[in-house]
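Work through each task with the structure in view before reading its solution.

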Amino acid sequence: MNDVLATTLVGVFGITGSLIVLCSALAMFKVRDALSRINVFSPATGLGMPLIVVAAYVWTLDDRGFDWTSLFIAILAVLCLIIVSSVASNTLSRSSVLSGQPIHRKTAPNRLATPPAGVVDEDPDAAPETGD
Amino acid sequence: MMRILHGISYVCYITWAIITGSVTVITRLFRVGKPYAQPMIVEVPLRCATDLEVTLFASSITITPGTLVTAIAAGTSTTPPVLFVHALFEDSEESALEGLYDMESRLLAMTRGRGPAGSARTAASVENSVQQENAAAAENAEENAAENTSAGYPVTEHPTTREDQS
Amino acid sequence: MSIVIAICIVILAVAIVVGLVRVLTAKDMGSRAVVGDLVYFSAIGMLTFIGMHVSSSIVLDGIFLSSMVGILATIALSRILTRGYR
């Protein structure tokens with residue numbers, strides 16, 4: 001009975017997590033630029049990989065019984081996945097903007113390119129008409 | 001004590017946002033006939049002040065599926081820090097900003113123990129106020145320069161240099 | 001149990017193949033960097049399930065360490081994208 005329960009739980013968590021990773025890989029075909037691809041990749045690391053960690057913890061629980069160390073490592077792994085993937089996505093998107101990767105032309109209000117309405121955009125660093 | 005309660009509710013809120021955002025990303029795959037996403041980059045002037053708050057807010061935005069921080073402009077003494085957020089599944093710019101400010105209010109309630117008092121300023125009002133302050137500062141500088149030259153003092157553009165401190 | 005593990009490994013392998021097809025069809029380097037991240041995390045998942053299949057005792061330790069070190073690959077890729085600038 002216990003073995004059947006463990007198999008069911010590992011199956012539910014593992015297959016759901018794997019399917020989320022696969023779906024975010026498929027979603028990369030639907031969007032057109034690098035920023036959107038970084039965006040649709042975050043379900044894989046934010047929800048898919050933690051579910052796989054939960055599956056691994058349930059398997060360890062069934063295999064060797066309850067242990068505080070393994071519970072601590074599992075919780076720490078989930079936290080590390082979330083924080084690390086967030087910081088990594090920030091770094092990657094920032095460098096992708098800085099290196100001039102093309103942005104999809106239907107990005108409707110693009111505030112990196114155009115200021116909001118009612119703002120006179122003046123360059124404060126623009127040199128006055130002195131010449132050098 | 002209130003900060004711990006606010007922190008617990010913020011963690012629950014982020015978890016719920018991750019789950020619903022992932023469901024959105026996946027269910028939009030199987031909608032045929034409609035466009036998959038509407039990408040946009042919005043500008044968010046922050047009410048967060050310290051580095052910890054800005055970092056936490058940027059990480060929370062990025063871990064939520066559907067929103068992504070692309071650039072951070074550092075704040076000065078007059079302007080708040082500004083985030084440029086890439087949003088995929090929002091209908092308009094206003095709804096995107098509304099969701100982001102909701103998350104920011106919860107974050108500030110966690111770090112400060114209570115919610116922020118005033119409502120958020122829009123990007124256009126921030127820009128306009130900054131331009132008015134710059135214009136006023138420029139007028140003052142011109143008046144001072146005129147007084148100095150009439151009194152015979154030499155006008156120095158940069159009175160303090162920081163080279164000797166480095 | 002082995003059937004479940006085989007299904008998970010096959011799904012993750014399909015995800016890697018889909019990502020590699022995306023690398024072949026993408027034009028810009030940013031998308032390729034993201035796919036590199038996807039392949040890394042899918043490989044971690046496959047490694048975890050293989051460890052469960054052979055009854056390894058360090059399944060949790062392996063996934064914990066690789067999730068901590070995973071940021072290094074992404075930061076290296078983004079540094080390559082900007083050609084060394086921050």
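Helix 2 of chain A and helix 3 of chain C are roughly antiparallel to each other, a term for angles over 145 degrees, with angles under 35 counting as roughly parallel, 65 to 115 as roughly perpendicular and the rest as oblique. This is a predicted model, in which local features need pLDDT of at least 70 and side-chain atom pairs count only at pLDDT 80 or more, while totals for chains, interfaces and linings use all residues. Residues are numbered from 1 along each chain as its sequence is written, and chains are lettered from A and ligands numbered from 1 in the order in which they are written.

**Exercise 1.** Describe the packing of helix 2 of chain A on helix 3 of chain C, and state which residues make the contact.

*Solution.* Begin with the geometry: the two helices pack at an angle of about 160 degrees, with their axes 9 Å apart. Axes here are lines fitted to C-alpha atoms, for helices over the stretch in contact, and angles run from 0 to 180 degrees between N-to-C directions; helices (H or I, at least four residues) and strands (E, at least two) are DSSP runs, numbered from the N terminus. Next, the handedness: helix 2 of chain A passes helix 3 of chain C in a left-handed crossing, that is, the near helix is turned anticlockwise from the far one by less than a right angle, clockwise being right-handed. Finally, the residues: Val53(A), Ala56(A), Tyr57(A), Trp59(A) and Thr60(A) meet Val59(C), Leu60(C) and Ile63(C), where contact requires C-beta atoms, placed from the backbone, to lie within 7 Å. By class there are seven nonpolar, one polar and no charged residues (Ala, Val, Leu, Ile, Met, Phe, Trp, Tyr, Cys and Pro count as nonpolar, Asp, Glu, Lys and Arg as charged, and the others, Gly among them, as polar).

**Exercise 2.** Determine how many residues each of chains A and C brings to their contact, and which helix of chain C gives the most.

*Solution.* The contact takes 45 residues from chain A and 41 residues from chain C. On the chain C side, helix 1 (2–25), helix 2 (29–53) and helix 3 (59–81) each supply at least two residues, and helix 3 of chain C gives the most, with 14 residues. That side of chain C has 25 nonpolar, twelve polar and four charged residues.

**Exercise 3.** Work out the relative direction of helix 2 (residues 34–64) of chain A and helix 1 (residues 2–27) of chain B.

*Solution.* Their packing angle is about 130 degrees, with the axes 9 Å apart, and therefore helix 2 of chain A is oblique to helix 1 of chain B. The crossing of these two helices is left-handed. Val40(A), Pro43(A), Gly46(A) and Leu47(A) make the contact with Ile18(B), Ile19(B), Ser22(B) and Val25(B), a set that divides into six nonpolar, two polar and no charged residues.

**Exercise 4.** Give the strand order of the sheet in chain B and identify its edge strands.

*Solution.* Three strands form an open sheet in the order 1-3-2, with antiparallel pairing; strands pair if DSSP finds at least two bridges between them. Strand 1 (40–45) and strand 2 (67–73) of chain B are the edge strands, each pairing on one side only. The twist averages 25 degrees from one strand to the next. Six bridges join strand 2 of chain B to strand 3 (residues 82–87) of chain B, and Ala73(B) has Val82(B) in strand 3 as its bridge partner.
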